[in-house]
Amino acid sequence: MEKIYKSLKVAAVALVTLFGFSSCEDYLDKDADSNVSPETAFTNFTNMQGYVEEIYNCIPDKAKCYWTTAWNLGDDEIQNPQADGIIIHRIDLGDFYAWQNNDQFWFAANKAGLNPTSTDAFNHRLYGHAWYCIAKANQGLENIDKYFTGTEEESNFIKGQLYFFRGWWHFEMMQFLGGLPYVDKVLTPDEASSLKRLSYVELADKIAEDFRRAADLLPNNWDNTATGRRTAGKNELRITKVCALSYLGKNYLWAASPLMQHGAQTGGAKTYDYSAEYAEKAAEALGEAITHLLSGETPYKFAEFSYSNVYDHTKKAGVETSYSEIFFTTGRSWLQPGGSEAILRGPSNGWSYTRYNYSRTFGPNPLCAQDNHIHQPTANYVANYGMANGYPLDDATGEWDINHPFKGRDPRFYHDIVFDGVKYINGDPKEDKAMKYAGLATGGSMRAVANASRTGYFYQKLVPHTCQKYDGADDYGPNPHAYIPYLRLSDVYLMYAEACAAWGGRDKAAKSCLNLTAAQAIEVVRSRPGLDMPGVPAEYTGNKFMDEVRRERAVELAFEGFRFNDLQRWLLLTEPKYVKKTSQEFIRVEDESFFASEDPADARVAEFREEEILTRNFGTKHYWFPLLRNDTYINADIEQNPGW
């Protein structure tokens, strides 16, 4: 859908049918006899749920929407130079127009072959489907009371999903684009071409109404309802009360954030200046979600951080879903990742693409031999992984040792990050013996800028290091499946902690969740089964506590695609600490015999330091993506974002 107006005009002149159409253009050209009547499309729960399922089908798969993909646009990731045409590097250069037609980007506006009914992951993009899905939600809401003949519960569940999705598609767009028109009815062609752009906060208020309606109508667990029992065991992707409440809170928290309250600016002076009013609303909504989570009536619980070998992501016996399996499963008949921790996922139709360019782009080429577009964490971002005692690296109390920089770190560091000396190939490395143990020191066997790590690290949070030609975890036999959730359980607690802290500090608790303070919410995340980390140290109060909340988001949600929007809303995207991407340089002191018998975390190094790879030249205009030019040309009330 290239233009807002074309999409909405199309929806205004014809009923969206149960079966949908392959594109907006098809809508204009279809045979009139192919219409499905409203009496058929909206008459019962089966048909109407089928109608809604097409909206689920449109949710893009961030990881696998193209042969090679990119979703981390913040200070968290860099790729090798052969990937310079990919969205990450275009953003590094300040070319934010690249979002509009970069096929590798899940949010992209334009992609040939976008098709809401397709089961091919390549045919879905966020902006490319958003206005279609919004129009579809409006059509459903306007017709359900006219034609639906099911039970009140069935009607509520359909309405709840439609209200949720109408809000969700608007919310996902405005995170990148800012205020937009809010389309909450079926429009005539004239109405579609005279929409007015709302401010971010005005739009957030509209979205909040729909998320609230959805939360009031949807169940905690579909399997425990008369309607949901018909598809018991197959409801895990469906929207629940907790999902709607969590997005209600997220929407309010984003509206409370410094960027939305004060506008784009440099200098970082307003980074702690939230709206207390909206932060309170966010805390209450998220607290309500947590209260439901604690009731035991929802299907959600934390995945276990319990490993017999954390470097290989080998979970302990008896663990149902490990932390790794939130993002990547093997040996489970292509089971979609997420388990009980994922709250919002779309269908993962492209599971087979896990085996190709996705899983084989996280390590050195040719060990991971596919497109030479290699995901690497920046050294500046890896520094967010603090110490196991809960302190950041720059606090002497944490006892970080520059000569043993990998020792005593947050346990998630060892799960997420491949550092020097980690056993990278478990099998016989044959002609690649120099890569048996990750050579990530300066000048090491995995430090080639062209086809390995230019930063001194790889990351394996989303894809295990065994996805390479010798260990073959990405082969067909292990049936690998990757997916990055849009929302998961720990994020609900982290947003709650931030909202409470912005409202009243580390000891603030929402009325809807009286026994849980901001500080205790962080403790919940750090004490997931098997992780057993302490919370934020007691001496961290005020802005220092907020810094720790933000650092915890950086670690717990690392590489899942949220960092850019976090830096953006905190008014930190342009600030010196966050525009630099760096490498880790050091000399390896230990020899290979050490790594063969000892934990690589205990290794000594010398001359440990960071060096700059690039610095982004960002100004105030970079706080928002530019709107599509065609959208701004059609209607004078839709102004382009400042600076574009």
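This is a predicted model: local features need pLDDT of at least 70, side-chain atom pairs count only at pLDDT 80 or more; totals for chains, interfaces and linings use all residues.

Student: Okay, how many helices and strands does the protein have?

Tutor: There are 21 helices and twelve strands. Helices (H or I, at least four residues) and strands (E, at least two) are DSSP runs, numbered from the N terminus.

Student: What percentage of the residues is buried?

Tutor: Buried residues make up 64% of the 644. Buried means under 20% relative accessible area, exposed over 50%, and partly exposed in between (1.4 Å probe, protein chains only). As for contacts (heavy atoms within 4.5 Å), take those with a separation of 6 or more: 71% of them are between residues 24 or more positions apart.

Student: Let's switch to pockets. What's the volume of the largest pocket?

Tutor: It holds about 860 Å³ of space. On a 1 Å grid over the protein atoms alone, a pocket is an open set of points with protein on both sides within 12 Å along at least five of seven lines, a cavity is a set where a 1.4 Å probe fits but cannot get out, and lining residues have an atom within 4 Å of a point. Grid points are joined across faces, edges and corners, and a volume is the space filled by probe spheres set on the points.

Student: Which residues lie nearest the centre of that pocket?

Tutor: A383, N384, D394, R551 and K577, out of 36 lining residues. Elements that give two or more residues to this lining include α17 (542–556), α18 (563–569) and β12 (605–615). The largest share, five residues, comes from α17.

Student: How many of the lining residues there are charged?

Tutor: 13 are charged, alongside 18 nonpolar and five polar ones. Here Ala, Val, Leu, Ile, Met, Phe, Trp, Tyr, Cys and Pro count as nonpolar, Asp, Glu, Lys and Arg as charged, and the others, Gly among them, as polar.

Student: And what about the second largest pocket?

Tutor: Its volume is about 540 Å³. The second largest pocket has 30 lining residues, with E236, P299, G339, S340 and R345 nearest its centre. That lining divides into eight nonpolar, twelve polar and ten charged residues.

Student: How many cavities turn up in the whole structure?

Tutor: Eight of 30 Å³ or more. The largest cavity has a volume of about 140 Å³, and among its 17 lining residues K62, Q175, G561, F562 and N565 are closest to the centre. α7 (152–177), α10 (241–256) and α18 each supply at least two residues of that lining.

Student: What lines the second largest cavity?

Tutor: 15 residues do, and Y381, R553, F562, R563 and D566 lie nearest its centre. About 80 Å³ of space lies in that cavity. The largest share of its lining, three residues, comes from α17.

Student: Now single residues. Is R616 buried or exposed?

Tutor: R616 is buried, because its relative accessible area is 3%. You'll find R616 in the loop between β12 and α21 (629–634). A polar atom of the R616 side chain lies 2.5 Å from the backbone oxygen of L73, and the R616 side chain also reaches the backbone oxygen of G74 at 3.2 Å.

Student: Where is M435?

Tutor: M435 is in the loop between β7 (417–418) and β8 (458–459). M435 counts as buried because its relative accessible area is 14%. Leaving aside neighbours within four places in sequence, the contacts of M435 are P364, L367, Y424, I425, S445 and M446.

Key:
Residues are numbered from 1 along each chain as its sequence is written. Side-chain values use heavy atoms; hydrogens and water are left out. A polar contact is a pair of N or O atoms within 3.5 Å; within protein, one must be able to donate a hydrogen and the other to accept it, and residues adjacent in sequence count only if both atoms are side-chain atoms.
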